[in-house]
Amino acid sequence: AAAPLSFAEELSETGEFLDGVAAIVNEGVVLKSQLKTQIEVIRERALAQNMQLPPEEILEEQVLERLILSEVQLQRAARIGLAVSDEMLNQQIAAIAQSNGIAFEDMPRALAAEGVDYGEFRRTLREDFTVEQLRRIEVGQSINVSEREIEQCIADLEGNVVANSEY
């Protein structure tokens, strides 16, 4: 985690608090506002589901770790040129809208009614989809099947076809 900044360093020239750095992650950062927002979302969900949360410092540490991991994954995706196009994102949003019985065009209004900023929703969904695609790529690359395993599978399949055939 990043070293704590003094309160004065977090103020703009007008003395207004802007944001702070919660952690530096390679060439990126996790902002204190991101950490605060995620903790608030988790608290709201826990309250709605009547779940008990860990103590504040543990919750903050866990959320920060998750944000750092997400930042690392997004940086890795950017390095390999993985990007989610607006078209792909709109298809995801359309599917979400359809599953909720509303039109794609009504999503901004529906989200606003729930207190969710549409731009932030799109950004978060894009990031989640990017990380999901990265995981699929990494899993696909980690699967190794030997020539012998393929031959054995073919032999097993052929044996099953012969055994299950009726003439």
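## Exercises on a predicted chain

**Exercise 1. Find which residues make up the largest nonpolar core, and which elements supply them.**

Step 1. The largest nonpolar core has eleven residues in all: Ala-22, Ala-23, Val-25, Val-30, Leu-35, Ile-39, Ile-42, Leu-59, Val-63, Leu-64 and Leu-67. A nonpolar core here is a set of buried Ala, Val, Leu, Ile, Met, Phe, Trp, Tyr and Cys residues joined through side-chain atoms within 4.5 Å. Buried stands for under 20% relative accessible area, exposed for over 50%, and partly exposed for what lies in between (1.4 Å probe, protein chains only).

Step 2. At least two residues of this core come from each of strand 1 (21-25), helix 1 (32-48) and helix 2 (56-79). Helices (H or I, at least four residues) and strands (E, at least two) are DSSP runs, numbered from the N terminus.

Step 3. Helix 2 gives the largest share of this core, four residues.

Step 4. There is also a second, separate core of ten residues, with Val-84, Leu-89, Phe-121 and Leu-125 among them.

A word on the model before we go on. This is a predicted model, in which local features need pLDDT of at least 70 and side-chain atom pairs count only at pLDDT 80 or more, while totals for chains, interfaces and linings use all residues. Residues are numbered from 1 along each chain as its sequence is written, and side-chain values use heavy atoms, with hydrogens and water left out.

**Exercise 2. Describe the secondary structure and burial of the whole chain.**

Step 1. Count the elements: the protein chain has six helices and two strands. Along the sequence they follow the pattern β-β-α-α-α-α-α-α.

Step 2. Turn to burial: of the 167 residues in the protein chain, 22% are buried.

Step 3. Look at the contacts (heavy atoms within 4.5 Å). Among contacts in the protein chain with a separation of 6 or more, 55% are between residues 24 or more positions apart.

**Exercise 3. Examine helix 2: what is its span, and what do its buried residues pack against?**

Step 1. The expected span of a helix is 1.5 Å times one less than its number of residues. For the 24 residues of helix 2 this should give 34 Å, and the end C-alpha atoms are 34 Å apart, which agrees.

Step 2. List the buried residues of helix 2: Leu-59, Val-63, Leu-64, Leu-67, Glu-71, Gln-73, Leu-74, Gln-75 and Ala-77. The buried residues of this helix pack against strand 1, strand 2 (28-31), helix 1 and helix 5.

Step 3. Zoom in on Val-63. Neighbours within four places in sequence aside, Val-63 is in contact with Leu-35, Gln-38, Ile-39 and Ile-42.

Step 4. After helix 2 comes Gly-81, with a positive phi near 80°.

**Exercise 4. Locate Asn-26 and Asn-50, and decide whether each is buried or exposed.**

Step 1. Asn-26 lies in the loop between strand 1 and strand 2, and its phi is positive, near 50°. With a relative accessible area of 57%, Asn-26 is exposed.

Step 2. Asn-50 is in the loop between helix 1 and helix 2, with a positive phi of about 55°. Its relative accessible area is 72%, so Asn-50 is exposed.

Step 3. For background, most residues other than glycine have a negative phi.
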